[in-house]
Amino acid sequence: MEEMVEQVELLLESDDKQQLRDYLNNLNISEVEELMGELPEHGPVFLDLLSLNRAVNVFRILDFPTQERLLKKLSGKKIAELINELPPDDRTSLFSEMHGDTVKNLILHLPPHDRKQALALLGYEEDSVGRLMTPDYIAVKKNWDVVQVLSHIRRYGKNSETIDVIYVIDENGVLLDDIRIREILLVDPATKISDLMDDRLISLKVNDPQEEAINIFRMNNRVALPVTDNNNLLLGIVTVDDILWIANEEYTEDIQKIGGTEALDEPYLDMPLLKLVKKRVGWLIILFLGEMLTATAMGYFEGQIAKAVVLALFVPLIISSGGNSGSQASTLIIQAMALGEVTVEDWWRVMRREILSGLLLGVTLGVIGFFRIFMWTLFSNIYGPHWVPVGLTVGLALVGIVLWGSLAGSMLPLLLKRLGLDPATSSAPFVATLVDVTGLIIYFTIAVSIMHI
């Protein structure tokens, strides 16, 4: 990459546009995208020099902040060319990120038919399958033979998003089946499409959430899936490249939420500092206020702590163990839900597993905690003659708190999903804060029972 950047910088300095054009057009579009990241100030020049088809393919794989910056610097003619040549699904994705007034201005660059199409796609819910689909596909009738189908593909296939899959519709546009192109190419030309149909159709509904589409693609190994309305009319198709982009965005968003921050809508290094602080400060304030309850809990047991000051030494150990177990459980369940491995209906199975695993984990840590107190007493007698009740208190508290942390961390994402909220908001820091406060109550309650203080 370094050599490539040096070569392009030499060509820019020499102002040899023809040689630079030839050089850029011989690169892979991913390499041009990397060059634009290394030399962002020359991005508009690169798009102007590239052939239109390659410029569109480079533009469509850029992240939105980069696309937005380029649109502000490109000429009106170049913007019109790019917007007109962008595939409908990529155009919808771009428009979805922009402000209303900007979208209105960009839509004016489109011819009437494309303008109507763009507005129709933007009319679907933001996170619905309708926002991902493209109306560019190949549809045929079941009474056609292979010769007619191939002729149709030659005529219209160039404008289709993909010809890997051909869709069979009736006279009213109702979807009947989909057929992979290899099945058409490998049979006798006189074969009727109806003879190739197997009625094993998998389709998406236009108002389905995008997360559901990700799971369907993952489970069915498809490069494209048809999109229908409630009457099974074929409206468009969604291709796997769009699903991969959305899956990456969903994954990134979930990871950021699990980390205890709002999802970032720009790359980390491109985000203004104050905006980055704003994304983080809300959760930090909530978590800080939550942690203040630990002082309230300790204040309630102030008398007991005064009688057995040694209990205070183990507070960080106790609450961190509960928070860690809760964070583990919430992360595992959120990921399992994102992959479709766990649903809200599985709550009882999840609870049973977490009760057993929480007990085993708690007993393991409890034994280690008791053994630690025994060893310190053996060599330094730091805990005095009452080391046994202290050790039992710490050991049993660890069992209870780790069990509670595992249950809280696993059940909270499922509860939020049931309430229609994003499970990722039950982030590890949030669960840890919850378990910190309740863990202190468990710890001191057990201490009072065992040590009679």
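This is a predicted model: local features need pLDDT of at least 70, side-chain atom pairs count only at pLDDT 80 or more; totals for chains, interfaces and linings use all residues.
Another facing pair is Pro 226 and Ile 237, the latter in β6. Strand β5 covers residues 224-228 and pairs with β6 in the antiparallel sense over five bridges. Pairing requires that DSSP finds at least two bridges between two strands. Helices and strands here are DSSP runs numbered from the N terminus: H or I with at least four residues for helices, E with at least two for strands.

The hairpin of β5 and β6 has five residues between the strands, and Asn 232 in this hairpin takes a positive phi near 70°. Strand β6 (residues 234-239) is mostly covered, with five of its six residues buried. Buried means under 20% relative accessible area, exposed means over 50%, and partly exposed lies in between, using a 1.4 Å probe and protein chains only.

## The sheet

Strands of a sheet pair through backbone hydrogen bonds, either parallel or antiparallel. Here three strands form an open sheet in the order β4-β5-β6, with mixed pairing. The edges are β4 (204-205) and β6, each with a single partner strand, so one side of each has no neighbour in the sheet.

## Two loop residues with positive phi

Asp 199 lies in the loop between α13 (193-196) and β4. Its phi is near 60°, a positive value in a residue other than glycine. Asp 199 counts as exposed because its relative accessibility is 62%.

Asn 221 is placed in the loop between α14 (210-220) and β5. Phi of Asn 221 is near 55°, again positive in a residue other than glycine. With a relative accessible area of 66%, Asn 221 is exposed.

## Helices α8 and α10

Two packed helices are described by the angle between their axes and the distance between the axes. Helix α8 (residues 88-97) packs on helix α10 (residues 112-122) at an angle of about 60°, and their axes are 10 Å apart. α8 is therefore oblique to α10. Angles under 35 degrees count as roughly parallel, over 145 as roughly antiparallel, 65 to 115 as roughly perpendicular, and the rest as oblique. The axes are lines fitted to C-alpha atoms, for helices over the stretch in contact, with angles from 0 to 180 degrees between N-to-C directions.

On the α8 side, the contact is made by Pro 88, Arg 91, Thr 92, Phe 95 and Ser 96; on the α10 side, by Asp 114, Gln 117, Ala 118, Leu 121 and Leu 122. Contact means heavy atoms within 4.5 Å. Ser 96 of helix α8 is partly exposed because its relative accessibility is 28%. Leaving out residues up to four places away in sequence, Ser 96 touches Leu 122 and Arg 131.

Helix α20 (residues 347-380) and helix α21 (residues 387-418) have axes that come within 7 Å and cross at roughly 155°. This makes α20 roughly antiparallel to α21.

In helix α5 (residues 52-61), the buried residues include Arg 54, Val 56 and Phe 59. The buried residues of α5 pack against α2 (17-25), α3 (29-38), α4 (43-49), α6 (64-73), α7 (76-85) and α8.

## Basis of the values

Residues are numbered from 1 along each chain as its sequence is written, and side-chain values use heavy atoms, with hydrogens and water left out. Local features need pLDDT of at least 70, side-chain atom pairs count only at pLDDT 80 or more, and totals for chains, interfaces and linings use all residues.
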